[in-house]
Amino acid sequence: MSDITMNVRELLSILPDGAELVVAAKGRTLPEVKETINAGVRIIGENYVQESLEMIKALGEDSKIVKWHFIGHLQKNKVKRVVSTHDMIETLDSLKLAEKIDRQCRLENRIMSVLIEVNSAEESQKQGVMPCDVLPLAKEVSKLAYVRLEGLMTMGPINQDPTPYFMKTRTVFKELQGLGLPNTKIMYLSMGMSDSYEKALNEGANLIRVGSKIFGLRHN
Ligand SMILES: *Cc1c(COP(=O)(O)O)cnc(C)c1O
């Protein structure tokens with residue numbers, strides 16, 4: 001059995017009930033991604049629109065076995081291509097972006113699942129919404145008919161223990177659930193990567209996004 005298959009099986013085996021693995025596939029080859037699917041992965045996360053479209057196309061029928069989550073920063077001019085190919089956008093960070101997604105989904109007569117990306121450590125250079133701005137944004141997003149808010153995502157800081165920031169995000173997640181907003185289904189808390197997924201699971205994450213722990217270091 002190859003390393004990729006072993007790593008995926010190990011991760012799947014430690015996931016608590018209700019938690020799911022998102023494979024962070026940026027910079028990986030078709031055979032590598034295919035192997036994760038064969039090993040049982042059901043969600044692929046992509047950061048770059050072009051790379052994602054190429055991967056989906058190259059996988060052909062196999063691409064339909066999995067859900068496609070967009071986990072990179074989404075520019076407004078790429079919304080159309082992401083909406084037509086992805087099942088969830090984990091990186092919603094503004095009302096303007098939500099409105100753009102809503103308009104495109106209206107045209108395609110489909111509903112897009114989204115998570116709000118939280119800048120949980122309030123880092124100035126980081127993408128995402130400040131924790132205090134999450135609930136106000138969620139209220140506005142809940143008014144959009146073709147966008148369905150399903151939870152929160154956070155990256156956490158790289159050079160510190162992310163645990164306090166995972167806790168913070170979970171607190172906001174609970175508050176968001178408590179609002180009971182119409183047209184939402186607040187159920188996903190996407191936190192944790194290769195070096196932090198165990199901590200994230202301890203803090204209630206039910207989507208973990210893992211790349212290098214599965215594939216090894218990136219080629220590019
Ligand atoms: C790359 C990436 C990951 C996975 O990172 P690893 O450290 O390789 O596991 C998770 N989330 C996002 C948004 C990423 O860009």
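**Reading a ligand site**

Q: How far is a nitrogen atom of the ligand from an N or O atom in the side chain of Arg209?
A: A polar contact is a pair of N or O atoms within 3.5 Å. In this predicted model, with pLDDT of at least 70 needed for local features and 80 or more for side-chain atom pairs, totals for chains, interfaces and linings use all residues. Here the Arg209 side chain has an N or O atom 2.9 Å from a nitrogen atom of the ligand. Residues are numbered from 1 along each chain as its sequence is written, and side-chain values use heavy atoms, without hydrogens and water.

Q: Which residues surround the ligand?
A: A residue counts if one of its heavy atoms lies within 4 Å. The shell includes Ala24, Asn47, Ile71, Met153, Met155, Met193 and Ser194. It divides into six nonpolar, four polar (Gly counts here) and two charged residues.

Q: What space does the ligand take?
A: Rolling a probe the size of a water molecule over the atoms shows where empty space is left. The ligand takes the largest pocket (an open set on a 1 Å grid, probe 1.4 Å, with protein on both sides within 12 Å along at least five of seven lines; lining atoms within 4 Å of a point; more than half of the ligand's atoms within 2 Å of its grid points).

Terms used: A polar contact is a pair of N or O atoms within 3.5 Å; within protein, one must be able to donate a hydrogen and the other to accept it, and residues adjacent in sequence count only if both atoms are side-chain atoms.
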